[in-house]
Every structure is written in C-alpha cells, then in structure tokens.
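Biologist: Can you show me the model before we talk about its helices?

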Amino acid sequence: MNFAARPPQVVVITGASAGVGRATVHQFARAGWRIGLIARDVEALDEVKREVEELGGSAVVAAADVSDAEAVFAAAGVVEQTFGCIDVWINDAMATVFSPVWEMSPAEFRRVTEVTYLGFVHGTMAALRHMRPRNRGTIIQIGSALAYRGIPLQSAYCGAKHAIRGFTDSLRTELIHEGSEIRLTMMELPAVNTPQFDWARTHMSRQPRPVAPVVQPEVIARAVFGAAHRPRREYWIGLSTLKVILGNMVLPAFLDRYLAMVAFEGQETRQPVSSERKDNLIDSVHSLHRTRGRFGNEATDSAVIVPGPVARLVPIAVGGLLLFATGMVAAKAASMPRGARNRGGRPPDSLTSS
C-alpha cells in the first residue's frame, strides 16, 4: 500500500528532538504529514522543524517537558490550533539512569518515572482530550522488550516501561467498554543506536552502551509509520525482543541468573566515564541532539516486526507439537508387544525363530 499517497494528516511526537523520536519525525515528514514536535529543547526542535520542511512535511514546535501535564496539554492545543484535528499521537520521550538501585537517589528514580512513565500518561491524556470528542485517532506507545523483562542497571526505566504497558492495557479495556474507535498500539523495541547512551546519567565507572544486538532508529521509525496505518494491539520488533519476551514467559528464573552474569558488562564499554560528562536527566544537553548514537558500526538497518498476538502463538505451537510428538511415541510404545518394549523394540526370539 502506498501510504505516502494519502492526504496529509496530523501527528504529534514527543521526544521529537533526538533518537527514535527524531527518526520517526523524518519518516512522517517524507510522507508530507503535518507534525507537532514536543520536547524540552526549543533550539533542537527548531532544527528538526527545518529538517521536516526540507523533507516535504510541515511542523510546529510545541516545546514542553512531558513530566509537566499542563505543558503537554498546552502543546497539544498549539498543534490543533495550527494544523487541525490530531490523527496520531506518538509517546516516545524517555529518560534513564544506569545504576544499581542502591546507588540511585529517590529524586533520580522519581525523575525517570515522571518522564518515562508519567510523560506517556500525560501525552495519552492530551491525545484523548482531542480524539474522544471525534471518536477517532491512534495513540502509539513506544515501549521496549524491557516492558516484559527487567534488566540490571536500569531499574527505574524498566519499571516505567512495565507501568506503561499496564496503563495502556487498562485504558484499552475502558475504550472497548465505551465502544470507542480510538486505537491503541504499543511498540516493543530492541536495543537502538540512539544518543541516550551518551547523555543518560550513569553511576557506573565506564560509558554506557546498548545491549547487543542493536538496530538503527530508522528501523523503528518505519515500524511506527506502518503501525500508524495498521494499528494492532502490539508489535514486537527484532528477534532479540521476541527471545526476551517469550523466554521470560517460559524461563524467568533462568533469565534472572543469565542477566546477572552478562547484562552488567553488556551495558558498558571499555571507555571510562569522564568527569566532564553531562547528562540530560534534569537539563537538556543540546550538543547531543541527533538521530543516531555512536554504535552505528554494529547496528543493523532491518529487523523482524511481528504483531504480539501472533508471536505469542509460537510457544503454544511448539508446546503443541512437542505434546503431539510425545503422544505419538507413547502410543507407539503402548501398541508394541511387551517383550518388544522390554528389548528396546526388538521382537521376541520366538517370533524370529524358524
């Protein structure tokens, strides 16, 4: 289907100044969409706006810290006043801290939660204010495989992603009860090559890095653009996401120990953290606003994209096949003469003698 041939629509994207958010802005701009840009850094958003116009779209800057609900509501109003009805709302803004729980402060934990979880709540509430009166629209939550499986060193972020999934599921049931035509989609992401590993706060001695395998942010942007036209309950992106989610369903205790062994070093480079390093937990770091991070040499430009309900059938199908095979073996064994079973399948001597 040629999505680009459709008439221009209106999309709002939070976290639009960098990483997945910025790549997603570019994807919609190429299709000529009108885009509301939400993030904290006005100067960075002005840069993104220029990129949108160069790519053939149009954009309005509506700067806001997503932890501030009233600021998000006001930003949504600016977009609708400028472009008209909001068709799609994408929640993407996030913050994280790389640290064991016992080395984090309550304030740091609160800040990650306010941005990464409550920012999604505020964005969703803003979208609903504009979509419910018209009974149409699509809300896309940029989630993570970590919404199903927590890993060490990112407890606040994992907790927020789990909370987003619970919040979204609750809202979905309310919309179904209401008979609403508003669609909710959650995208569960693998590790992505974004600037977050250069500007996320860390209490570790070495620089953070994404857990391999890594994909480029444009992979996610294409998936999100597709989801805006084909909303499903959930999309899982990348084989690693499928392995993490399905593996945690079957062997959570094994993953506890496996991640304890590999996920500490897997999230650190060999480069020490500089005393001059700035982070964006509280204040924006303008010099690092870009689409890609510094791990492009190992990031791929493609990934499998599977609807969550389809992916969940995999363990059921495998289990069913194993059960069927076990039943066939048991039935065959039961049908054999006792002597043959005792001799590992060889017929009794009396049957082979002439």
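**Helix packing**

Modeller: Helix α1 (residues 19–30) packs against helix α2 (residues 42–55) at an angle of about 30°, their axes 8 Å apart. Axes are lines fitted to C-alpha atoms, for helices over the stretch in contact, and angles run from 0 to 180 degrees between N-to-C directions. This is a predicted model: local features need pLDDT of at least 70, side-chain atom pairs pLDDT 80 or more, while totals for chains, interfaces and linings use all residues. Residues are numbered from 1 along each chain as its sequence is written, and side-chain values use heavy atoms, without hydrogens and water.

Biologist: What does that make α1 and α2 to each other?

Modeller: Roughly parallel, the word for angles under 35 degrees.

Biologist: Which residues meet there?

Modeller: R22, V25, H26, A29 and R30 in α1 meet E47, V48, E51, V52 and L55 in α2; contact means heavy atoms within 4.5 Å.

Biologist: And where does α7 come in relative to α1?

Modeller: The axes of α1 and helix α7 (residues 217–229) come within 8 Å and cross at roughly 55°. That makes α1 oblique to α7.

Biologist: New topic: which residues of α3 are buried?

Modeller: V72, F73, A75, A76, G77, V79 and F83, where buried means under 20% relative accessible area with a 1.4 Å probe, protein chains only.

Biologist: What covers them?

Modeller: The cover includes β1 (10–14), β2 (34–38), β3 (58–61), β4 (88–91) and α4 (106–131).

Biologist: What follows α3?

Modeller: G84, with a positive phi near 100°.

How values were computed. Buried < 20%, exposed > 50% of the residue type's maximum accessible area, 1.4 Å probe, protein only. Helix = DSSP H or I, 4+ residues; strand = E, 2+ residues; numbered from the N terminus. Parallel < 35°, antiparallel > 145°, perpendicular 65-115°, else oblique.
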